[in-house]
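Welcome! Open your viewer, and let us walk through this model one selection at a time.

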Amino acid sequence: MTFYHPGPLSNGGGAICRRIGMSLDDYIAIEINGARISLLELLRFAKRGNESRFIRNATDAVMIRQAAQEVGINVNDEEVQRAADSFRIKRELYDEKRTERWLTRNYLSHAEWEALLEDEVLRRKLRDLLTKGKVEKYFAEQRLAFDAAAISRIVVKEENVAKELRAQIVEDDADFYSLARRYSVDSLTRPAGGYSGILRRTEMESTMEAAVFGAQPGKTVGPIKTYAGWQLVKIEALHLATLDDSLRETIKSLLFEDWLADQRLQAKIRIPLFEDWREGT
């Protein structure tokens, strides 16, 4: 696979505006059917809709770089190359032309893409260092939270209807899935015979959690009173948590997010981009 040599990052809109003497209201950020949205108006939309995730991403990246520098973490060319290869394989960018088209669609230069890959590698290396020796302890303390169950359910509005359906299932050996398709008021799961997929304990209401994980696979439990109504739940399978590679990665990410949240609280963050270009300025 071909990778690209590093180059200078492109300047942001603010730098462009200062260089050529434009205001943020003069700089056109988006065009839609001939209508134009200035950079200033775009920032207003971002603030009003609280859609400033890009600010969080940028500040996180800087804090990660600072922390990595403090502990002596660096990224070499070989690591960036592996990240690039993995990136392209996941997106089926098997040749240079496909990669070029992807970069064009996402408004990225080669240098910007490489910088993003380097940030990704740096983040992963810092995450692995900060969580070293902590995964097992976290799993031991939070093990139950990672238990999951594959379930199907019938949701009805009245308790007496749920009791009648349960009697048909338990006493008359009626087909659970047929009854779900006929009687369940849950429009999302009804077409699939009530199948709801795999849910973790933390995704269940406490009454459902107790009933599901207190039963054996194949059993139907309920009626259970939940926010959605009265439910009958068939346990398709129980997946009790084991600390495999996938769960290790999940826990590392959870621990790292906790660390990032703490860093955000401690950091002195200003956003002149928003502060200096308020409404009416």
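Begin with the open sheet, where 4 strands lie in the order S4-S3-S6-S5 with antiparallel pairing. Strands (E, at least two residues) and helices (H or I, at least four) are DSSP runs, numbered from the N terminus, and two strands pair if DSSP finds at least two bridges between them. At the edges sit S4 (195-200) and S5, each pairing on one side only. From one strand to the next, the twist averages 40°; angles run from 0 to 180 degrees between N-to-C directions, and axes are lines fitted to C-alpha atoms, for helices over the stretch in contact.

A word on the model: it is predicted, with local features needing pLDDT of at least 70 and side-chain atom pairs counting only at pLDDT 80 or more, while totals for chains, interfaces and linings use all residues. Residues are numbered from 1 along each chain as its sequence is written, and side-chain values use heavy atoms, leaving out hydrogens and water.

Next, select S3 (residues 148-156) and S6 (residues 229-239): 9 bridges join this antiparallel pair. Ala 149 has Leu 238 as its bridge partner in S6, and Ile 151 has Ile 235.

Finally, show H4 (residues 77-90) and H6 (residues 110-130), whose axes come within 9 Å and cross at roughly 105°. The two helices are therefore roughly perpendicular (65 to 115 degrees).

Note on methods
Angles under 35 degrees count as roughly parallel, over 145 as roughly antiparallel, 65 to 115 as roughly perpendicular and the rest as oblique.
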